[in-house]
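This report is intended for a reader who meets the structure for the first time.

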Amino acid sequence: MMDDRIWKLLARKLSGEASPDDLKELEKLVKENPDLHYSIDAFTKIWNAPVKETAGPDVQKLLNRIKPKREPAQLRKIPSVFSVKRNVMLGNHFKIAWRNLARGRVFSIIKILGLAIGIASALLLFLWIQNEMSFDLYHKKKDRIYLAWSQSPYEGRIETWPATSMLLGPILNTSYPFVEATARQNDVLSFLFHVGNKHMESRGMLTDSSFLNIFDFPLVYGDQNKALSTPRSLVITESFAKKLFGRTDVMGKAIRIDSTSDFMVTGVLKDLPNNTQFKFEWLGPWSYMNEVHWMKEDWSTSYIRTWVLLKPGANEQIANARIKNLVAEHSDDVKFETFLHPLSKEHLWDRFENGKPSGGQIKIVRLFWLIACFILLLACINYMNLSTAKSLKRAREVGIRKMAGARKSSIVRQFLVESILVALLAGFIALLLVEPNLKWFNALTEKRLIVPYGNPYFWLSFLGFIMVTGILAGIYPAFYLSAYKPIKVLKGTFQSVNALVTPRKVLVVLQFTFAITFIICTLVIYRQIKYGQQRDVGYDQKNLAFVYMKGDVNTKFNAIRNDLMNSGAITSITRSNSPITDTWNGDDSYEWEGKKPGSPKFGAGLYFTDQDFAKTFGLKIIKGRDINAERYPADSTAILINESAARIMGFSDPVGQVIKNRDCNWHIVGVVRNFLTSSPFSSFYPLVIHGPGPQYWFGTMSFRLNAYRPVASNIKSIGAILKKYNPDNPFDLYFAEQTNSQKFTGTKKVDSLAFIFASLAIFISCLGLFALAAYMAENRTKEIGVRKVLGASVASISTLLSKDFLKLVIISFVIASPIAWWAMTGWLNNFEYHIRISPWIFIVTGAFSILLAIGTVSFQSIRAALANPIKSLRSE
């Protein structure tokens, strides 16, 4: 048994801590231990070996023989010779890796840059995914918060929507013991706020006082239990307080809303985080719904949101079974079903088809996750190709190291260390690329994403991500290069560049398959957007503008209309409940003579107007006339219907027919051509335009501008007249063309993202192709030299070298085309109005891919063809 003191001295020596007297001490201890089977010469040989040579076969053999089976407890704190050896070898791996990177600077820059772009792209997408996955999960009671949804049969299917009657919340509070609290919330509203000389429009919500107890929106000032308890209380956010008052300590300050109601600030909220579905700057009391005449307490009207907080331990399935038929139990006419949808699923799983959950935003999250993985995989494939492109030089290095006694595991570690080093460098370059690109990415995705540099978990996750990326990128080159046989390498007989199928060719095909798929998808999305933009909307958008009716506009409308018409700025004017570019109301209670018993409910989009609706909007009247309640008093109960509504009703001559709804009987005075009011990709649906009968209201005023005057002059005249009659409200004019163009925003963002990802995929794929071309040129140098000596021209050699790459691109195109067709067919099926995928899209993409490949490999091909054959053949 070796004395522990001898082991301790060896460890001190190999860790660099020994003193000159330690050798004498070692010799003394060896002489004093007669049980040792090794002479003093063996220990002296270890002692005199430099630390960097401890991996040599002789020293290794001695170390293995004298190492104790179990280290004594008192020596465990001292680095063993083997840990020293491992540390030294790891340091050597990093030194060799750095030297290899420095030796081939161009290839190293391309490898690092390609990987950095891939990591930066993936990081941006992962930041977006993390934001989406964390929506509203910061609320402490999130597992007990639900949104009440409604569903009802309609035209043979089940329609589902996230709204209920205003009566549901109070009923749940009083009659269902498993409910702890409820809070009603209307859609986000825009009111005009007045503080002194400041007039500012802001969006917010009217809600029950329990809202702040259900959700965790921290108050900087105020009490969450009392903040919304009075009819004139108002809670505002910090940023909105600064806009109005220049500071946040504004408790008790007075604010006037829409020049009619005075409120008092009873709470100041912290600004909302960026991962919430709620978008508001203020909260007002639910009782204000009565004052603005928006309260509709009947079971048939369901357009407000009802949040439900279940008691601890309450079961979601049991609760849903109990409230399923709640509406039918309280109403003889309305048969809506009600169910609770968890807050945790409200953002990502908010889509239902025929009453069944069918995903929602989670599909986009998964798509972005796949795209991030694809981009990163392309970057890793690019690294693999570039690493193996110089395999000839690295193979000789591997052969010599194996002949010198290096094991395969040591060589694998060397290449993995090199790839991890590249990944680390690429990772920090990626952070530098992410920061300046966050601004446009946030604008594109409408987010406020930031890189959480101060969060230690981010750095742990980022470093782990970098390590995984480095191993993923380096695992193939490590095992591929370490598998070379030394004899074949040194004889130069290991190359198989002309093999029909090689891993490098497979990787290039995979890269270009991704790139071509993205290109086709981008072109299809672009064509779909153009298709929608060129669609006839059914009314004349040119010189059509509107304003929202706020303040005194409704009460002074007649005077405003007269002044506007006399000014020459407009040629016609009309009022309606919503602009022609949108439909805010609907009704499914229509009945008429001849309607088949048991037929599905007839639902239609609903407009109110007083006169000149068709004239102002440029609608084509097919039968009858326009509504004009001023000229024809009976037009207060007149309606216009569009072609879709007339077809469903089945009248041979609709004009003069009477239809009725829950409000009154209406008589049809005209039929207008179908016109588009919603998505530019939807089909035409039934529309009904009511005269100013029961329950009417007006929210917008629309004009046809005078085409013979400059637009700026018309706007100036309209603004002056509206300021004259409505001085406290800002003048905001909206054009129908611009409003309709905004409907393409979401689809354009998808197209922009597809274009960006396609560009990245193309760039990274071209780097991979460049690497394979370099590999080819390097390994066929002698063949090219022989061909030139035999009289081959530069053009023929370039063609010879390039045609193999064209085959790879063509194979990629053949694989990518059906994949892209399948993906885009599924995407287009989400739109009722969509294009057919044209063969020209595939032809253009294929031609572009081939030209791109030729341009990428031509540099290497021509360079190899122009090389002097003497240099390549002189060793022969």
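## Cysteines

Cys664 counts as buried, because its relative accessibility is 17% and buried means under 20% relative accessible area, with exposed set at over 50% and partly exposed in between (1.4 Å probe, protein chains only). Cys766 is likewise buried, at a relative accessible area of 13%. The number of disulfides is zero, a disulfide being a pair of cysteine sulfur atoms within 2.5 Å.

The model is predicted: local features need pLDDT of at least 70 and side-chain atom pairs count only at pLDDT 80 or more, while totals for chains, interfaces and linings use all residues. Residues are numbered from 1 along each chain as its sequence is written, and side-chain values use heavy atoms, with hydrogens and water left out.

Strand β23 covers residues 665-672, and six of its eight residues are buried, so the strand is largely enclosed by the rest of the structure. Helices (H or I, at least four residues) and strands (E, at least two) are DSSP runs, numbered from the N terminus. Two strands pair if DSSP finds at least two bridges between them.

Strand β22 (residues 658-660) pairs with β23 in the antiparallel sense over three bridges, with Lys660 opposite Asn665. These two strands, β22 and β23, form a hairpin with four residues between them. Strand β20 (residues 621-624) is also antiparallel to β23, over three bridges, and there Ile621 stands opposite Val672. Strand β21 (residues 638-642), by contrast, pairs with β23 in the parallel sense over five bridges, and Ile641 faces Val671 across that pairing.

## A four-stranded open sheet

Four strands make up an open sheet in the order β16-β25-β15-β26, with antiparallel pairing. Its edge strands, β16 (570-576) and β26 (734-735), each pair on one side only. Strands β15 (residues 544-548) and β25 (residues 700-705) are joined over five bridges in the antiparallel sense; Leu544 stands opposite Arg704 in β25.

Helix α20 (residues 557-567) packs on this sheet and touches β16 and β25, its direction making about 160 degrees with that of β16. Helix α23 (residues 711-725) lies across β15, β16, β25 and β26 and runs at about 145 degrees to β25. Axes here are lines fitted to C-alpha atoms, for helices over the stretch in contact, and angles run from 0 to 180 degrees between N-to-C directions.

## Nonpolar cores

The largest nonpolar core has 72 residues, of which Leu115, Ile119 and Phe805 touch the most other members. A nonpolar core is a set of buried Ala, Val, Leu, Ile, Met, Phe, Trp, Tyr and Cys residues joined through side-chain atoms within 4.5 Å. Helices that each supply at least two residues of this core include α6 (105-133), α19 (503-533) and α27 (794-828). The largest share, 14 residues, comes from α25.

Leaving aside neighbours within four places in sequence, Leu115 is in contact (heavy atoms within 4.5 Å) with Ala379, Cys380, Val422, Ala423, Ala426 and Thr469. Apart from this core lies another, of 38 residues, among them Val547, Phe651, Phe703 and Tyr725.

## Helix α19

Helix α19 has 31 residues and reaches 46 Å from its first C-alpha to its last, close to the 45 Å expected at 1.5 Å a residue. The expected span is 1.5 Å times one less than the number of residues. The helix is mostly covered, with 22 of its 31 residues buried.
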